[in-house]
Amino acid sequence: MTAIACEYADRRARQCRTAWCPQHRVIVEGHLYCRRHAGVVSALPVADSTLVTPLPDLDNRAPSLVAWVARQLDGDVWRLLLHELDTEGGELIADPVVLVFTGVDRLRAWERAWKLVTHTGVSRRVSLMVEEAHDDELAVKVGANVVGRLSPPWITERRGSEPVDPDTDRREREAFNQRVLDAVERGLLRERELQLASRLRMGDSAEGAA
Ligand SMILES: [Zn+2]
Ligand SMILES: [Zn+2]
């Protein structure tokens, strides 16, 4: 099998000297890395190109809210997805903020997604979504399932009259981010359990057929 070099180079242009076969490399946004450097690049802040138009209503904060929270949590979501890799490599793909239509009513919403695909058939999709009609609420999705709905504290507070001091504000934002990540982690665990269960079932039926 052909080994291809990890593309990582540090700021002094020193190149990573490892090379990887298709089974063990990790691809992040179209670039090939060793596992270690996949973790490094995916923890870097994302470029602003993640916010892609079609334009929302001028006064709707749904796309900016989802883009803002996604930027805050980008490295952490990658870290959780990389954790889903076993000893094999795989591919991490980030989807920009896009307009989607959700639910039976096809409501307008803005979504930003992260995906992991491996050779061994692991496939995970994590996304954050804000509906235009409920632009004070963030939906956390793993696969097709909504695993959490959370209201950002800085939006809830603007409705009340009490101003919040900077320390409280920071603590509340951190707690909010952690709740989002906890929901992602729970959702990923559930996906893992479902995948394991379906593999066991497939194993059973294969034996039955033999
Ligand atoms: Zn290998
Ligand atoms: Zn490397």
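Visitor: What geometry does the site of the zinc ion (ligand 2) have?
Guide: In this predicted model, that site is tetrahedral. The angles among its four donor atoms run from 94 to 125 degrees.

Visitor: Which residues coordinate the zinc ion (ligand 2)?
Guide: Cys6, Cys16 and Cys34 each give SG, and His37 gives ND1. The distances are 2.1 to 2.4 Å.

Visitor: What spacing do the donors follow along the chain?
Guide: The pattern is C-x9-C-x17-C-x2-H. Cys6 and His37 sit 31 residues apart, so to speak at distant parts of the chain. Cys6 is in the loop between β1 (4-5) and β2 (19-20). His37 belongs to helix α1 (residues 35-42).

Visitor: Is Cys6 buried or exposed?
Guide: Buried, because its relative accessibility is 1%. His37 is buried too, with a relative accessible area of 8%.

Visitor: What about the zinc ion (ligand 1): which protein donors does it have?
Guide: Cys21 through SG and His24 through ND1. They lie 2.1 to 2.2 Å from the ion. His24 counts as partly exposed, at 30% relative accessibility.

Visitor: Switching topic. What pLDDT does the protein chain average?
Guide: The average is 83. At least 70 is reached by 86% of the residues.

Visitor: Which elements have the lowest and highest mean pLDDT?
Guide: Helix α3 (residues 153-159) is lowest, at 73. Strand β8 (residues 138-142) is highest, at 97.

Visitor: And where does pLDDT stay under 50?
Guide: Over residues 47-56. For that stretch the model has 20 contacts beyond four places in sequence.

Notes
Residues are numbered from 1 along each chain as its sequence is written. Chains are lettered from A and ligands numbered from 1 in the order in which they are written. This is a predicted model: local features need pLDDT of at least 70, side-chain atom pairs count only at pLDDT 80 or more; totals for chains, interfaces and linings use all residues. Side-chain values use heavy atoms; hydrogens and water are left out. Donors are N, O and S atoms within 2.8 Å of the metal (3.2 Å for Na, K and Ca); water is not among the atoms, so sites may look incomplete. Four donors count as tetrahedral if all angles lie between 85 and 135 degrees; four count as square planar and six as octahedral if opposite donors are over 155 degrees apart and all others between 65 and 115; anything else is irregular. Helices (H or I, at least four residues) and strands (E, at least two) are DSSP runs, numbered from the N terminus. Buried means under 20% relative accessible area, exposed over 50%, partly exposed in between (1.4 Å probe, protein chains only). pLDDT is the predictor's confidence in each residue, from 0 to 100. Contact means heavy atoms within 4.5 Å.
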